Amino acid sequence: MFGLTDRELDRATNTLGLASYRKDQIRQWIYEKHVGDFSLMTNLPAQLRQQLAQQFAVTESRVAEVQKTAGAAKLLVEFAKDLVVETVVISYRSWSTVCVSSQFGCDMGCVFCASGVGSPAVNLSSQQLAEQLWHARIFANQQGLNPVRNIVVMGVGEPLANFDNLLGFISAANDPSRFAIGQRRITVSTVGLVPQIKKLADTGLAVYLAVSLHAANDELRRRLMPVAGRHSLQDLLSACRKYTEATGRRVTYEYVLLRGVNDTDTHGVELANLLKGHNCLVNLIPFNAVPGLSFAPSLRTEEFRRVLEQRGINVTTRRSLGGDVSAACGQLRNRRK
Ligand code: SAH
């Protein structure tokens, strides 16, 4: 297998005894011209193209299906018959963002999310994460969409539970000779694993961190997110503060508004009090329906937002796209065919 990592590129070119400029040519085809088919790499000798095609493949995956909707598309990236991962491309006015899945399945068990339904979590490798980005880039290119410049690791899975592979992916994404996407264009969304947030702060990386909060008291949070039984809000917020101190990045707190569950004015006041004095942003997420789950979207998004704003909290509301192809937040699930 011909991987997407530089090491693997080296291995392949060494195996074939190629000069280093050949490696650069191949790299350019793959990363700059978005070509994954050796036979189309026209500045390589025909015989070499053939040899490469026989011995290597650019990716271990293919896009098995695309589901398009206004402003977003869901790619089903197939690594094996029984390993199909969902990746979403979202287009904005002047760029596109890819939403990458970090695991196959999820063990976090948040009660309002589809991703945990079904299979237990399997970590995706750095390369499997990078391949999702690569396919997204090609897709945007082929569809005439704005180029993929931003990455959110917010698809299926808990990225901080797949820590080393996440770091490998971030380094591939950052690498100027590969994807060349800067750290300020990468956001990692976590359910709130406290030790791993501290560990991430210690790596010296400075990606943006989004933390799924969804409740401003431990009792309600435990009802919604089993992880809250392991880490109190106090510990979580202090890890986030540390993250901001170490990286200079403001943390985003995600808050999915569930009708009658966490969306009253009282909840809003509680949230504002909890976050008072924190350099942060609250991102309100409209709840997206998940078949079989009884939660409903809040009818009070604007009112809730006002409660926070009146108390000096920075708030944005997430634009929800892709609901009609089940590509929106919380609707992704990995599938075995
Ligand atoms: N495990 C990570 C990333 C995946 S989920 C995390 O928990 O942050 C990405 C975001 O979508 C999270 O904030 C998650 O809580 C939210 N989400 C989950 N289910 C949702 C739903 N049905 N509607 C809207 N957002 C949802």
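The model is predicted, with local features requiring pLDDT of at least 70 and side-chain atom pairs pLDDT 80 or more, while totals for chains, interfaces and linings use all residues. Residues are numbered from 1 along each chain as its sequence is written, and side-chain values use heavy atoms, without hydrogens and water.

Q127 lies in helix α4 (residues 126-143); helices are DSSP runs of H or I with at least four residues, strands are runs of E with at least two, and both are numbered from the N terminus. The side chains of Q127 and E131 make a polar contact at 2.7 Å. Such a contact is a pair of N or O atoms within 3.5 Å; within protein, one must be able to donate a hydrogen and the other to accept it, and residues adjacent in sequence count only if both atoms are side-chain atoms.

Around the ligand there are 20 residues, of which G157, S189, S212, H214 and N288 come nearest; a residue is near if one of its heavy atoms lies within 4 Å. At least two residues of this shell come from each of the strands β8 (186-190), β10 (251-257) and β11 (280-286).

A ligand nitrogen atom is 3.0 Å from a polar backbone atom of F112. Ligand oxygen is placed 3.4 Å from a polar backbone atom of T190, and an oxygen atom of the ligand is also 3.3 Å from a side-chain N or O atom of E254.
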